[in-house]
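Here are a few friendly notes to read with the structure open beside you.

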Amino acid sequence: RNTTRILVANLYDFDPATDMVPVERMDEVDRYALARYADAAARMLKAYDQYDFSTVAQALNGLVTVDLSAFYVDVTKDRMYTLATRSHARRSTQTAMYIVCDGLARLLAPILPVTADDLWRHLPGPHPESVHLELFPSVDRYKDEALSPRWDALLKVREQVNAALEQKRKDKVIGNSLTAHVTVTAQGGVGRILEQYRADLPMLFIVSDLELNIGPADAVDGVTVEVDKARGVKCERCWRYVPSIRQEADWAGLCDRCVDALAEPPHQ
């Protein structure tokens, strides 16, 4: 219930009639979230056909606690709360969240009817009065066999980074992860993947600053992580540590990215 509340709350300014991003144009992190949702939904649908309700509950619990709450909601907070309202990245994430909420309402209906009804009523845009008169979702189009292995590998590295961050928190070297500067050294196939996604790594690890060192591509896969305090100054809006912040009266204390987000023209 808490996870679906977070997801649907992020859709407060989303109109599916005008703001949906086509799946093929969505950012990879959002397409990966949809692929994980599609995998869990497919298992749930098969279990429903077999009246195997324990498997339905297990697949649902894994999707909500691991894929959505511990990963997707966490790594997309920055884009949801600090990027320009109508930026592509934010609308891409909202599109994924809308698709997942719509599907979850339908999948929850047989086993959690009241929760499903609550979620259905809070979905943006016009929709039929009751989810209990609707069909289960069709999810095949969200599966992505090419994308998922790469992001599965990235998430394994994320686990290593999170462990290193947690140790530095215990040692009181850093506070939250945005106060950290992370150095990742990788080689082999995992190094090639990290190099490919270099621009996405600060989002994935939720850090302000990241240094990536790539070793030989033909070496055995390996990753090492070092964590220090982030360099620079803290932006008062997004809390990232950046090389410099603005000094003008209207934008004092903000980074350039936040200034650009706040300068977005009003919706016409």
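1. Start with the lining of the second largest pocket in this predicted model. Tyr32, Arg36, Val66, Asp67, Ala70, Phe71, Asp152, Leu155, Lys156, Arg158 and Glu159 make up that lining. Two or more of these residues come from each of α3 (28–49), α4 and α8 (147–170).

2. Which helix gives the largest share of this lining? That is α8, with five residues.

3. Sorted by class, the lining of the second largest pocket holds six charged and five nonpolar residues, and no polar ones. The volume of the second largest pocket is about 200 Å³.

4. Now turn to the largest pocket, which holds about 620 Å³ of space. Its lining is made of 24 residues.

5. Where does the lining of the largest pocket come from? At least two residues are supplied by each of α4 (53–75), α5 (77–82) and α10 (201–205). The top contributor is α5, which gives five residues.

6. How do the lining residues of the largest pocket divide by class? Twelve are nonpolar, eight are charged and four are polar.

Key: Residues are numbered from 1 along each chain as its sequence is written. This is a predicted model: local features need pLDDT of at least 70, side-chain atom pairs count only at pLDDT 80 or more; totals for chains, interfaces and linings use all residues. Side-chain values use heavy atoms; hydrogens and water are left out. On a 1 Å grid over the protein atoms alone, a cavity is a set of points where a 1.4 Å probe fits but cannot get out, and a pocket is an open set with protein on both sides within 12 Å along at least five of seven lines; lining residues have an atom within 4 Å of a point. Grid points are joined across faces, edges and corners, and a volume is the space filled by probe spheres set on the points. Helices (H or I, at least four residues) and strands (E, at least two) are DSSP runs, numbered from the N terminus. Ala, Val, Leu, Ile, Met, Phe, Trp, Tyr, Cys and Pro count as nonpolar, Asp, Glu, Lys and Arg as charged, and the others, Gly among them, as polar.
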